[in-house]
Amino acid sequence: MISVPVGVGAAVYLEEYARGTWLTRLIRLNIANLAGIPSIVYGILGLTVFVRMFGLFDSGPHNLTESLLGSFDDGQHNLIERVAVEIIRPVANLLHIPLPLGNTVLAGALTLSLLVLPVIIISTQEALRAIPSSLRHGSYALGATKWQTIRHQVLPAAVPGILTGVILALSRAIGETAPLVIIGVPTYLAATPGNIASLQDLVENPTGLVEAPFTSFTALPMIVFNWVRQAKPEFQNLASAGIVVLMGLLLLMNSIAIIIRQRFQKRIRW
Amino acid sequence: MSSTTITPLERNLPGGRPSLARKFSWLAAKETAIQSVLAACALLSILTTVGIVAVLATETIEFFKVASIWEFFTETRWTPQFEDKHFGILPLFSGTMLVAGIASLIGLPLGLASALFMSEYASPRTRGIVKPTLEILAGVPTVVYGFFALVFLTPYIIRPIFRGLLGLDVDIFNAASAGVAVGIMIIPTVASLSEDVLRSVPRSLREGAYALGSTKFDVCVRVVLPAALSGILASFLLAISRAVGETMIVVIACGQNPRLTFNPFTSTETMTAYIVNVSLGDTPAGTIEYFSLYAVAATLFVMTLAMNILAQFILRRYREVYQ
């Protein structure tokens, strides 16, 4: 939900709007590099930025902005800290958002969305490139503006390619363990986020859905990782069962991606 | 239509003709707004890189306030969690290189061979089976590979071969099983990238070689491979950088014992495994162990970034231009 709009938007900008300035070349090089960075580095980024939020909001001993920017004469706060403490914290308290984000679904989601963003951008770029220019030229000839062309002609034609890329990126995000380990996801939790135990719970008590992004969570690869490291053979059986579930889910998603790709390739006649 | 007198009311166009454009239209404003939003999305990627570099750099500087740079690169012990602290990255680095080396030995030739098979020898039906299988192999989570290495590779393959037949001593956690698993993991990466490159070699090259009387093997090895060499090298580099950055397999199968050694049958620790193991324990923020985490991550980041940039450079500079 986070990475798809941003990723598709970035790819559209790079393919349709960007001129060949040094800035666009930098962005392209940047995205190619980001795609190759090990997932553990994204975990560390997520830890510092989303989970601990640079140490701004807790009274702990370490504060990244202080070591970066120094402090004012009153010894306590530099500018960013001031903004954080006096502006952002009251707003967050009003909205009941816990700061720093800590171990919440939102922190994990933001980290993983950064991880899959380059993959989505690259696959969307490929999908957009595969559309012949005659489609765009015909649309311009009928008097459409650039955005109208993109929105009504190019994007609908590129949807199968984009969808395939999104599903592949999603399946990668599902299987990733390293970033979750680094941001400190617990390996066992008795409750689902927001205390939603069934669909009936959701209907009776909809506030759970609003609370859910700000509560703690755990993930299947994390649980499997924990089981694998235990010594007893029963845990090996448990780990195998978890792996079967995980692989089944991933196989399902990859098959859907392949089916979408094949069905739409038959339909398109340029 | 031409006019000899130009009144100040007419817009400034060549020849004094009035401009028919509206000064402001909602449609144009909407277009500009959407373009700005999309540009912001693209700039977010730069923000991500800047964020990574800034975070790693500042915390690593904090680390080097306590440990010295010389010690970091030359000391052969890595014990930040013990009483007697030593901060030499060499044991972790040798662990990473050992695993990546074994992985490259296994993954690169097998991947290249698969790519050659799929692009030159396979019938379309075989290709239709092999390619999705490789894609599925690429989608397997690395925890599964780690589990596979620990539970299947070590007891049933590595130990019988090396301990049973050759009499070497094989720990339960060893770099060889992790290396083999990482090698299997990078086969799809090498295969798909190399296959794209091999397929882009034009048919005229191959047909010219056949016309001169070469066998199929000759054509593959002496004509197609050299033509595609830059792309294949780039794919090798990307696969090695992936093997270096691999985390979960080595955490599960390799061990927690940082040791400067070239023996793949003992337990060692790699850089990525150290980061994970420190995160799993309880390390308060602001201590030297916490900063050592960032220092190791910065080293890893620099290594993989260098390999990726080199791969891009090779791909761009030495790409063969076919007419």
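**View 1. Salt bridge between A:Arg172 and A:Glu176.** A:Arg172 pairs with A:Glu176 in a salt bridge whose closest N and O atoms are 3.4 Å apart; the term denotes a side-chain nitrogen of Lys or Arg within 4 Å of a carboxyl oxygen of Asp or Glu. A:Arg172 counts as partly exposed because its relative accessibility is 32%, whereas A:Glu176, at 11%, counts as buried. Buried means under 20% relative accessible area, exposed over 50%, and partly exposed in between (1.4 Å probe, protein chains only). The model is predicted: local features need pLDDT of at least 70, side-chain atom pairs count only at pLDDT 80 or more, and totals for chains, interfaces and linings use all residues. Residues are numbered from 1 along each chain as its sequence is written, chains are lettered from A and ligands numbered from 1 in the order in which they are written, and side-chain values use heavy atoms, with hydrogens and water left out.

View 2. A:Glu126 and A:Arg129 form a salt bridge, with 3.9 Å between the closest N and O atoms. The two residues are separated by about one helical turn, because they lie 3 residues apart in helix α6 of chain A. Helices are DSSP runs (H or I, at least four residues) numbered from the N terminus. A:Glu126 is partly exposed, with a relative accessible area of 48%, and A:Arg129 is partly exposed at 49%.

**View 3. Salt-bridge network in chain B.** The closest N and O atoms of the salt bridge between B:Glu195 and B:Arg127 are 2.4 Å apart. This pair links distant parts of the chain, 68 residues apart: B:Glu195 belongs to helix α6 (residues 175–199) and B:Arg127 to helix α4 (residues 124–138), both of chain B. Salt bridges that share partners join B:Arg127, B:Lys131, B:Glu195 and B:Arg199 into one network. B:Glu195 counts as buried at 1% relative accessibility, as does B:Arg127 at 19%. Over all chains, the whole structure contains 9 salt bridges.

**View 4. Helix α1 of chain A and its cover.** Helix α1 (residues 3–17) of chain A has 15 residues and reaches 20 Å from its first C-alpha to its last, close to the expected 21 Å, where the expected span is 1.5 Å times one less than the number of residues. Of its 15 residues, 12 are buried, including A:Val6, A:Tyr13 and A:Glu16. The cover includes α2 (22–36), α6 (105–129), α7 (133–141) and α8 (146–175) of chain A, together with α1 (26–66) of chain B.

**View 5. A:Phe225 in the largest nonpolar core.** A:Phe225 and B:Leu56 touch the most other members of this core of 106 residues. A nonpolar core is a set of buried Ala, Val, Leu, Ile, Met, Phe, Trp, Tyr and Cys residues joined through side-chain atoms within 4.5 Å. Helix α12 (residues 288–317) of chain B gives the most to the core, with 15 residues. Not counting residues up to four places away in sequence, A:Phe225 touches residues of both chains, among them A:Thr177, A:Val181, B:Val143 and B:Met248; contact means heavy atoms within 4.5 Å.

**View 6. Surroundings of A:Ile260.** A:Ile260 lies in helix α13 (residues 233–267) of chain A and counts as buried at 15% relative accessibility. Leaving aside neighbours within four places in sequence, A:Ile260 is in contact with A:Pro160, A:Leu163 and A:Ile167. The C-alpha atoms of A:Ile260 and A:Thr164 are separated by 7.1 Å, although the residues are 96 apart along the chain.
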